[in-house]
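Trainee: Could you go through this one with me? I'd like to start with charged side chains and then look at a strand.

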Amino acid sequence: MEYVLSKDWSEKLNPHFTIEYKRTLFNWLENEYNKNTIFPPKEKIFNALNLVPIKNVKAVIVGQDPYHVYGQADGLAFSCHNGTPQPSLKNIFKEIHNDLGIEMSGKTDLTNWAKQGVLLLNTSLTVIEHKPASHSNELWHTFTKEIIKILNSLDQPIVFMLWGNHAKQFLPLLNNPNHLILTSAHPSPFSAYNGFFGCKHFSKCNEFLIKNGVSAIDWKL
C-alpha cells in the first residue's frame, strides 16, 4: 500500500528518520489497517501536510488524535467530514464568533483553513474505531515532533496555537523568535471555560501575520 505524502514534506522529513523507523511505522500501519477499522481512510492520513506546502504554513493548530467514529475523521485536526460539529469544534466556532464577530456557516470541513496555510496537525494521525487515543504512541509522536522541529527552524513567521496540555508538550521545541506561540486551555467542554473562551487567538494570529507582511486568514467557513 502506498502512503502518499507530498514531495516537499517528504524531502524535508526523510533525513530526520532512519530507514528502520520508517519501515516499522509503515509495517505497523499496514497491520493495523488489516486487522482493525482505522480512521481516517488510508488516503487521508497525511491530509494535513498534503494540503499545506511547507512554504505556505502560516499557523499551526495542534490536536490530539482523529475522531474515532465512522464518517468524521478527514486527516485534519478538529475538522469533521460528515458535517456534524463535535463539541470542541463547536467551541472553536463560538470563540471565533466572540473574537471576530464572524457568523460561522455551519460547515465542519476545515479544508478552507488548510488551503490558506493553517496546518491542522494531530499528534497521532490514526485511531482505532471507538477507541480514542488507541494510536497515541511513540511512533506517531516521533513523527509529529519532527514536523514541529522543522517548522520551528523556518524563518517565515508562523503562529502556533497550543490548546490544552497535550499540545503544550511541544513548547520546549519552540524557541524561534520569528514565531508567535499562543497557549490556552483545550476547547473541550470540560475545559473551554478555563481559558479557551476569551483567548482571542484568532485575532491575535491575524494581527501577527499582518504585522509581518503575511496575509491574514479568513476564518469564516
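Trainee: Okay, which side chain does Glu-20 meet in a salt bridge?

Mentor: Bear in mind that this is a predicted model. In it, the side chain of Glu-20 meets that of Arg-23 in a salt bridge, with 2.9 Å from N to O.

Trainee: And how many residues apart are Glu-20 and Arg-23 in helix H2?

Mentor: They are 3 residues apart in helix H2, which covers residues 19-35, so about one helical turn separates Glu-20 from Arg-23.

Trainee: Is Glu-32 buried or exposed?

Mentor: Glu-32 is buried, because its relative accessible area is 7% and the cut-off for buried is under 20%.

Trainee: What about Lys-7, which residue does its side chain meet in a salt bridge?

Mentor: The side chain of Lys-7 meets that of Glu-11, at 4.0 Å from N to O. Both residues belong to helix H1, residues 7-13, where they lie 4 residues apart, about one turn of the helix, and both Lys-7 and Glu-11 are exposed.

Trainee: Changing topic to strand S2, how many of its residues are buried?

Mentor: Strand S2, residues 59-63, is mostly covered, with 5 of its 5 residues buried. Ala-59, Ile-61 and Gly-63 point one way from the strand, while Val-60 and Val-62 point the other way, and all of these are buried.

Trainee: Why do they point in two directions like that?

Mentor: In a regular strand, side chains alternate between the two faces of the sheet.

Trainee: Which strands is S2 joined to by bridges?

Mentor: On one hand, 5 bridges join S2 to strand S3, residues 118-122, and these two run parallel; here Gly-63 has Asn-122 of S3 as its bridge partner. On the other hand, 3 bridges join S2 to strand S5, residues 159-163, again running parallel, and Ala-59 stands opposite Val-159 in S5.

Notes. Residues are numbered from 1 along each chain as its sequence is written. This is a predicted model: local features need pLDDT of at least 70, side-chain atom pairs count only at pLDDT 80 or more; totals for chains, interfaces and linings use all residues. Side-chain values use heavy atoms; hydrogens and water are left out. Buried means under 20% relative accessible area, exposed over 50%, partly exposed in between (1.4 Å probe, protein chains only). Two strands pair if DSSP finds at least two bridges between them.
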